[in-house]
Amino acid sequence: MTAVIEVQGLTKRYKDTLALDAVSFAIEKDTIYGFLGRNGAGKTTAMSILTAQNFATSGSVRVFGEDPYENARVLSRVCFVRESQKYPDDATAKHALAAARLFFPHWDQQLADQLIDEFQLPLRTRIKKLSRGQLSAVGVIIGLASRAEITFFDEPYLGLDAVARQIFYDRLLADYAEHPRTILLSSHLIDEVANLVERVLVIDHGRIIMDETTEDALQKATNLVGPADAVDAFTRGREVIHRESLGRVSSVTFLGTLTAAERSEVSAAGLELAPVSLQQLIVRSTQHAGTSEQGAPAADLKEVAS
Amino acid sequence: MIEEGKPLFVQIAERIEDSIVDGSLPERSQAPSTNELAAFYRINPATAAKGVAMLVDKSVLEKRRGIGMFVPEGARELLLRERRDAFADRYVSPLIDEARRIGLSPDDLAALVREHGARLTETGRTTS
Amino acid sequence: MSAVVSSPLGRNRILNVVRLQFINKVTYIWMPLLVLGASWVISILIFAMIPIDEPKFGGGAQAPLWALMAVGIQAMTLSFPFSQAMSLTRREFYLGTLAAASVTGVMLSTAFVLIGLLERATNGMGVNGYFAYLPAMWESGWLGAWFTYLVVTMFLFVIGFWAATIFKRWGTIAVTLVLSGIGLLLVGVVFLITRLEAWPATWTWLVETGPLGLAFWAVPFIALMALGSYLTLRRTVA
């Protein structure tokens, strides 16, 4: 597959923090990625640097094979929708969308009109006066209707209510099916986007701790529930990332999966095997890191065989 | 709607298989397109495509160039055979395990099955 | 289908930045004109109230200039972040915005000159009061007045833009330092002139050069600030 973005050893250092720590990854063409991680993990910083809106301290970034900095040829094919976007003074949604139409070569006005309708966006109200949800809708509409070959959505749907978010996901999928493009969705509403994304990129404390297909990610960990000693017998020697107890019953999440033989053993022992959702996996992995060492990233889940 | 556990594309494939088995997707009819499946289940089209590809590999679906995916003749038979073969592992073993856990022997189990089977024939339902 | 101007490169995109600034006609057209017009009307009313028969001159014409400085500041604080959202390069944003400001400058200067000509023809709108037709500016005719007003407009826009660029890149302290530095420089120059007892010579020079001459002198300063803004902008994060 062709990589449209290639990042090598990307580091971003602020005065006393390391926002990104020698990060390397590649983004493939026409794929929807989930760019996941906690707040402050480095997602927005990374996306800003990829779009040349922010600058790396060291490392290299190649978008469509070129350095995106001051590169209109590359940047015109990219769209970055962020959470709190500033708009020109007294601009209305109509102005903002008219502007987007000027600069995104594949802009689809019909799609924009359809979305304006679905989100019930008031076009002539000043953006300053729009509600949080309506403000988010403006960004989301720009991102979708831009049909930019690489589109970044940095949690722009935070202001949207559940209904509006579902509209966004549905429209995103429908449009992606008809007009495939590369999309990076950053979100901490992981389970909501889990079915939409083909690959997940998880970042924690400035490091990539997971970079694979959603399918593989979902197979990474297992959850065992039952009497504590029986559970412990099974989990001895495995890397446990979460443990909960209620009386004598404990629920343990560990990395790795069980073989068919092991699964029958589990069933015979009366223990329950539960799958681990993407959200649980990521939350528990990053929690795990939080308790072990301050500021250290989670166990490198790339090393776990799936 | 979507459960966790099996990979998503496998779940999608199984749902299509279910509809072939129960007759709602008859043989020689056209199966939903990848995009339709993606939109309906709210999943990534690539995942839907993977599920469809799996069924094509199993010969449960066939691709007719330029038109789309169709259910070939014999697909239902194929699935029924496959499910019958898997029936023991999938349903019978867990049943026996659970029965043992609560103190029922395989003979007790057989009696229960006969009793409930009779009830089904009478009332059309197994539960009261 | 695709956008109205779909060529992604070069001049077309910069032109589109100009169009971008004019999508909302208030900032670069109506507001400056309104300020000029309102200031003019207010000046006339004030002139009418002053019971002196000799020609009266007012400074109201400077009002839109300060408004343009505010526009220059907002170009960086609001327009720039939006231009980044539009995937524009900093260069495209810079050139397009400067071009848009020039259009406004030309528009204002032209309005200014028209008002001046009107005042000349009507002897100060019948109240012998002059808002635009200020003799020192019109020494070299309407073209001189037009050029002078244009230069001052651009000067103030670029100052606003330049200060805001420094603010966005390096923060409040930096702007304060720079402005204090300039203040110190000016004080230093005044001090020097005083010490050298060169005030009479200075005044003579100023009067001889006149507004038009000073406008010509200002051009390199504007160019310098404009260049400085660009270099600062190149590494500014929105």
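How do the axes of α2(B) and α3(B) cross, and within what distance do they come? The structure here is a predicted model, in which local features need pLDDT of at least 70, side-chain atom pairs count only at pLDDT 80 or more, and totals for chains, interfaces and linings use all residues. Residues are numbered from 1 along each chain as its sequence is written, while chains are lettered from A and ligands numbered from 1 in the order in which they are written.

The two axes come within 8 Å and cross at roughly 120 degrees; axes are lines fitted to C-alpha atoms, for helices over the stretch in contact, with angles running from 0 to 180 degrees between N-to-C directions. Helices (H or I, at least four residues) and strands (E, at least two) are DSSP runs, numbered from the N terminus. On the α2(B) side, the contact is made by B:T34, B:N35, B:L37 and B:A38, and on the α3(B) side by B:P45, B:A48, B:A49 and B:V52. Here two residues are in contact if their C-beta atoms, placed from the backbone, lie within 7 Å. By class, this helix pair brings together 6 nonpolar and 2 polar residues, with no charged ones; Ala, Val, Leu, Ile, Met, Phe, Trp, Tyr, Cys and Pro count as nonpolar, Asp, Glu, Lys and Arg as charged, and the others, Gly among them, as polar.

α2(B) also meets a helix from another chain. Its axis and that of α6 of chain A (residues 162-178) come within 9 Å and cross at roughly 170 degrees, which makes α6(A) roughly antiparallel to α2(B). A:L173, A:A174 and A:A177 of α6(A) make this contact with B:N35, B:A38 and B:A39 of α2(B). Those residues divide into 5 nonpolar, 1 polar and no charged.

Zooming out to the whole A-B interface, 15 residues of chain B are in contact with 18 residues of chain A. On the chain B side, α2 (34-41), α3 (45-57) and α4 (75-101) each supply at least two residues, and the largest share, 3 residues, comes from α2(B). The chain B side holds 8 nonpolar, 3 polar and 4 charged residues.

Chain C is the other partner of chain A. Of the 2 pairs of chains in contact, A and C share the most contacts, with 31 residues of chain C touching 29 residues of chain A. Two or more residues each come from α1 (10-23), α2 (25-49), α3 (63-85) and α4 (90-121) of chain C, and α3(C) gives the largest share, 7 residues. The chain C side has 15 nonpolar, 10 polar and 6 charged residues. Chains B and C, on the other hand, are joined by no contact, and their closest C-alpha atoms lie 22 Å apart.

As for confidence, the predictor gives the complex an ipTM of 0.87 and a pTM of 0.86. Chain C averages a pLDDT of 90, with 96% of the residues scoring at least 70; pLDDT is the predictor's confidence in each residue, from 0 to 100. Over residues 1-7 of chain C, pLDDT stays under 50.

How values were computed. Parallel < 35°, antiparallel > 145°, perpendicular 65-115°, else oblique.
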